[in-house]
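Please look over the sequence and the structure before reading on.

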Amino acid sequence: MRLKLSFIIIFLNSLFLFAQNKNVNVDSLINISEFQVFKDVKYGDHKRNSLDIWLANSKEKTPLLIYIHGGGFVGGNKDHAYRKNNFSRLNKLLKNNISFATINYRFMNNEDGILSSLNDAKRALQYIKYNHEKFNIDKTKIGLMGSSAGATSSLWIGFNDDMSDNNSDDPIDRENTTVTCLVGIAAAHSMDLRRWRDMIDLDQNYFDEISRKYTKGAGLDVDRWEEKTYEEEYLSKIDFFEKMDSGDPPFFIVNFGKNRKPKNIADFHHNPMHAKVLKQRGDELKIKNVVYAIGIGIIDPSNTGMVEFIIEQLN
């Protein structure tokens, strides 16, 4: 048991580095001449609507993994995928004939909160599906992976039913949004913050305090968003927990946090109880899942690693 636990700790520490290491020179990790690479491809009108896509060296159409960066919906960029331990694993995907993309997206704003961020991630997926012939992608085998806010965006897409708009004049909007698998590093189980509060029975006054600090730090109108955050119409657009069903794709969740009183909203987002709630919900619905939250003793008995899970699902 001790050897097994030591293995798990090493495994999770490697995943932590996967999310944290600084950017490095990609050429020092991979021979770029082996792959066709499209950089800064525009998938929408906003200046942050851009993506990079790395195509595996294959004559046949390949599966694809899309990486969505973290940053609390207020920062970060697609270059997070080029951090050393990230890219060493993505290199393994390319070697297994799985292409990969990494995207930028708009940050939260005073008009629609995080909805622009979520819709941009959806748009990037639809853009690639629409251009699957150009990129030699099998659009029926696409996975989403993200860290923190990016993980939550991934779950939002994957746990919603198809969000295509068949009546749109834009053919990209008519592409379906179904995916094959989901990977989340420090994902939230819901975007209804009341669920977070109840998850660890947090004092309401303290919860309101850290929520206001986050809203103010994001440059939003605190009074407006203190009310709008809980409007049913808004929540129906950004939340996904109640939309989970037995037809949802398999998911892999890893969380490094401790179950403690959160210092701020970011700390709260990374609480390991999110992983526990997601696992419970997945098990109830019989959705295949692999979950690690060692801070609260959740260790998947399969010992399946992140890259192994992705390759298994997409190949």
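The sections below treat the basis of the model, a pocket, and the aromatic rings.

## Basis of the model

This is a predicted model, in which local features need pLDDT of at least 70 and side-chain atom pairs count only at pLDDT 80 or more, while totals for chains, interfaces and linings use all residues. Residues are numbered from 1 along each chain as its sequence is written, and side-chain values use heavy atoms, with hydrogens and water left out.

## The largest pocket

Rolling a probe the size of a water molecule over the atoms shows where empty space is left. On a 1 Å grid over the protein atoms alone, a pocket is an open set of points where a 1.4 Å probe fits, with protein on both sides within 12 Å along at least five of seven lines; lining residues have an atom within 4 Å of a point. The largest pocket has a volume of about 890 Å³, a volume being the space filled by probe spheres set on the points.

Its lining consists of 44 residues, and Gly 72, Tyr 214, Ile 265, Ala 266 and His 269 lie nearest the centre. Helix H7 supplies the largest share, five residues; helices (H or I, at least four residues) are DSSP runs numbered from the N terminus. By class, the lining has 22 nonpolar, 15 polar and seven charged residues. Here Ala, Val, Leu, Ile, Met, Phe, Trp, Tyr, Cys and Pro count as nonpolar, Asp, Glu, Lys and Arg as charged, and the others, Gly among them, as polar.

## Aromatic pairs

Rings of Phe, Tyr and Trp (its six-membered ring) pair if their centres lie within 6.5 Å; planes under 30 degrees apart count as stacked, over 60 as edge-to-face and the rest as tilted. The count comes to twelve aromatic pairs. The pair of Tyr 127 and Phe 135 is tilted, because the ring centres are 6.5 Å apart and the planes stand at 50°. Phe 38, Tyr 127 and Phe 135 form one aromatic cluster.

The pair of Phe 207 and Phe 268 is edge-to-face, because the planes stand at 85°, with the centres 6.2 Å apart. Phe 207 lies in helix H7 and Phe 268 in helix H10, so this pair ties together parts that are 61 residues apart in sequence. Both Phe 207 and Phe 268 are buried, meaning under 20% relative accessible area (1.4 Å probe, protein chains only).

## The surroundings of Phe 241

Phe 241 is also buried, at 10% relative accessibility. Arg 281 lies over the face of Phe 241, at 5.5 Å from the ring centre; this requires CZ of Arg within 6 Å of the ring centre and within 35 degrees of the ring normal.

Conventions
Helix = DSSP H or I, 4+ residues; strand = E, 2+ residues; numbered from the N terminus. Buried < 20%, exposed > 50% of the residue type's maximum accessible area, 1.4 Å probe, protein only.
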